[in-house]
Amino acid sequence: MQVGSLIAAGYDCEIFEAGPGRVVRRSRDGRSLEREAAVMRHARRHGFPAPEVFDADGPDILMEHVAGPSLLEETARAPGRAAEHGELLAGLLRRLSAVRSPGWLQAAAGRPGNRLLHLDLHPGNVLLTGDGPRVVDWANAARGAPGADAACTWLILATATVTEPSLEEGRARLLAAFLDGVDPAAARPHLRAAAQRRRAERDLTAEEQAEIDRFLASEAGEASL
């Protein structure tokens, strides 16, 4: 696909201008993004706020340009609204849990289920637009039990490294509000699988690895009480 200027770059994809209101999301390593595009289309057809996809061809997705700050940026800017942001995350996962997965989507490790899972729904992947949130980066999408999605978000909120004081200030309130809006008992059995996925997907620092270990040990203790 023809692209314009580079406007953003993530861990494994780059975003390029592609005309008014459109961008191309391109994988850095050349892997096909057609499955990811199909998942986004499926989610959107079922009323979930994924970006609109116009075309997909190998490593490229032509999609709507989602303009707005991320929920992470908004929490850093206004930590006093962290609880509201945690409620928003929980609400998005509740909405997604109502969407049945397409039969061709691979199953997530762990307990079986037939719901569409994002498996990376954290504040950095929620963009706030003038007409509501959009959930981006569907690379990890799979089929399974909704508790697996909640476990993934819970693990990230509890253990991700935070460098800005305002984010650290809001983290506890955001996490508490998120857990109030989901079912922690249904999520807890999926925490170890979520940790394994997180460790496999990126290079974690020793600090992040240790934080995940402490978190899992703490939750194991809670579950045994």
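**Rings and their partners**

Analyst: Let's start with Arg-26, which lies over the face of Phe-16, 5.4 Å from the ring centre. To count as over a ring, NZ of Lys or CZ of Arg has to be within 6 Å of the ring centre and within 35 degrees of the ring normal.

Before going further, keep in mind that this is a predicted model, where local features need pLDDT of at least 70 and side-chain atom pairs count only at pLDDT 80 or more, while totals for chains, interfaces and linings use all residues. Residues are numbered from 1 along each chain as its sequence is written, and side-chain values use heavy atoms, with hydrogens and water left out. pLDDT is the predictor's confidence in each residue, from 0 to 100. The protein chain averages 92, and 97% of the residues score at least 70.

A search of the whole structure turns up two aromatic pairs. Rings of Phe, Tyr and Trp (its six-membered ring) pair if their centres lie within 6.5 Å; planes under 30 degrees apart are stacked, over 60 edge-to-face, and the rest tilted.

Take Phe-48 and Trp-138: their ring centres are 5.8 Å apart and their planes are at 90 degrees, so this pair is edge-to-face. Phe-48 is in the loop between α1 (34–45) and β4 (53–57), and Trp-138 is in the loop between β8 (132–135) and β9 (142–144), so the pair ties together parts that are 90 residues apart in sequence. (Helices, H or I with at least four residues, and strands, E with at least two, are DSSP runs numbered from the N terminus.) Phe-48 is buried, with a relative accessible area of 3%, and Trp-138 is buried too, at 0%. Buried means under 20% relative accessible area, exposed over 50%, and partly exposed in between, using a 1.4 Å probe and protein chains only.

The other pair is Trp-154 with Phe-215, and with centres 5.9 Å apart and planes at 80 degrees, it's edge-to-face as well. This pair links distant parts of the chain: Trp-154 belongs to helix α4 and Phe-215 to helix α8, 61 residues apart. Trp-154 counts as buried at 3% relative accessibility, and Phe-215 does too at 9%. One thing to note about α8 (residues 206–224): among the elements of the protein chain, it has the lowest mean pLDDT, 82.
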